[in-house]
Amino acid sequence: MGLECSGKVGMLFLIVINIIFMLLGLGLMIPGILVQVDVDIVNDKVMPLLNQVTLGGLTFGNAANGLSLTLIILGAFILLVAGLGAFGACCKNRCMLVVYAIIVALFWIAEIVIVILWFVMRDNLESTAKSQLVSQLDNNYKYDDLTSHEISTAWNYLSIELKCCGVNAVTGATNDYDSSEWQAGTPTGQIPKACCGATVSDYTTFNNAACTDTVTSGYYGTGCYQAVKDKVMSYSNWFIGIGITLLVVEICAIIFACLICKQIGNKDMMV
């Protein structure tokens with residue numbers, strides 16, 4: 001009687017847990033969709049630059065696109081797994097519950113491994129990305145316009161859209177553009193118009209010598225590396241909250257799935 005009662009309670013809890021699981025799946029899909037429609041970073045003008053930065057053989061541009069798609073697919077997968085668990089609990093189908101418990105256990109282990117790898121490799125990945133961006137700026141920034149050169153255009157669009165300048169923060173006349181190919185041509189300006197408030201519509205006519213020529217006022221003080229990082233991290237609280245909740249919910253799901261399987265097995269033996 002006690003085991004049967006605990007099995008019923010376990011079934012109820014497993015159904016509730018899988019409803020929460022479904023909501024978490026939707027919680028992953030929503031930011032994935034938002035990243036897809038958020039064109040500040042991932043757009044056709046900036047993508048040529050992002051595709052020059054590689055992390056472990058994967059370009060940053062492809063990673064940015066792939067991450068959002070991965071979140072959408074992962075959210076959909078969680079919905080399916082949650083449906084499997086809820087249906088197995090309602091029907092008291094032992095086979096479905098065993099498969100469900102195994103999938104959730106593997107998923108939990110994978111999450112732990114990913115979190116550990118991220119904390120171990122984060123600093124190295126960030127320093128590698130930053131150094132590659134500096135190299136791209138030095139070697140491939142050649143024109144202060146939006147038409148002449150693909151990589152130069154990408155840098156200018158990035159500065160306009162994220163209100164940033166260079167890779168590292170600008171400190172007066174000292175900035176990342178000092179050693180660029182553009183500066184080797186001895187232009188009048190020290191930093192591009194994109195760093196000074198120019199927009200796509202007024203780029204050709206924009207003029208602010210105090211910013212572009214002497215870098216004394218009106219420039220964006222935030223480096224584009226930090227601006228991109230801040231943009232990505234704006235979703236971090238959402239992901240951290242969902243991730244922690246997922247880990248707790250998954251442990252509960254495994255425990256209650258096993259409890260119901262045990263209760264079903266005892267009934268079968270009695271029959």
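**Disulfides and their surroundings**

Modeller: Cys165 and Cys195 are joined by a disulfide, S to S 2.2 Å, where a disulfide is a pair of cysteine sulfur atoms within 2.5 Å. This is a predicted model, in which local features need pLDDT of at least 70, side-chain atom pairs count only at pLDDT 80 or more, and totals for chains, interfaces and linings use all residues. Residues are numbered from 1 along each chain as its sequence is written, and side-chain values use heavy atoms, with hydrogens and water left out.

Biologist: Which hand does the disulfide of Cys165 and Cys195 have?
Modeller: The torsion about its S-S bond is about 85°, so the disulfide is right-handed. Cys165 sits in the loop between H5 and H6, and Cys195 in the loop between H6 and helix H7 (209-212), so parts 30 residues apart in sequence are tied together. Helices here are DSSP runs of H or I with at least four residues, numbered from the N terminus.

Biologist: How many disulfides are there?
Modeller: The count is 3. Cys164 and Cys224 form one, with sulfur atoms 2.1 Å apart, and its 90° about the S-S bond makes it right-handed. Cys164 is in the loop between H5 and H6 and Cys224 in helix H8, 60 residues apart.

Biologist: And Cys196 with Cys211, which hand?
Modeller: That torsion is about -85°, so the disulfide is left-handed. The sulfur atoms of Cys196 and Cys211 are 1.9 Å apart.

Biologist: Is Cys95 buried or exposed?
Modeller: Cys95 is exposed, with a relative accessible area of 56%. The cut-offs are under 20% relative accessible area for buried, over 50% for exposed and partly exposed in between, using a 1.4 Å probe and protein chains only. Cys252 is partly exposed at 28%, while Cys211 is buried at 0%.

Biologist: New topic: how many residues of H5 are buried?
Modeller: In H5, 11 of its 13 residues are buried, among them Trp155 and Tyr157. They pack against helix H2 (47-50), helix H4 (94-140) and helix H8 (224-233), with contact meaning heavy atoms within 4.5 Å.

Biologist: Which aromatics form a cluster?
Modeller: Tyr141, Tyr177 and Trp182 form one aromatic cluster. Rings of Phe, Tyr and Trp (its six-membered ring) pair if their centres lie within 6.5 Å, with planes under 30 degrees apart counted as stacked, over 60 as edge-to-face and the rest as tilted. The count is 4 aromatic pairs. For Tyr141 and Tyr177 the centres are 5.1 Å apart and the planes at 75°, so that pair is edge-to-face.

Key
Helix = DSSP H or I, 4+ residues; strand = E, 2+ residues; numbered from the N terminus.
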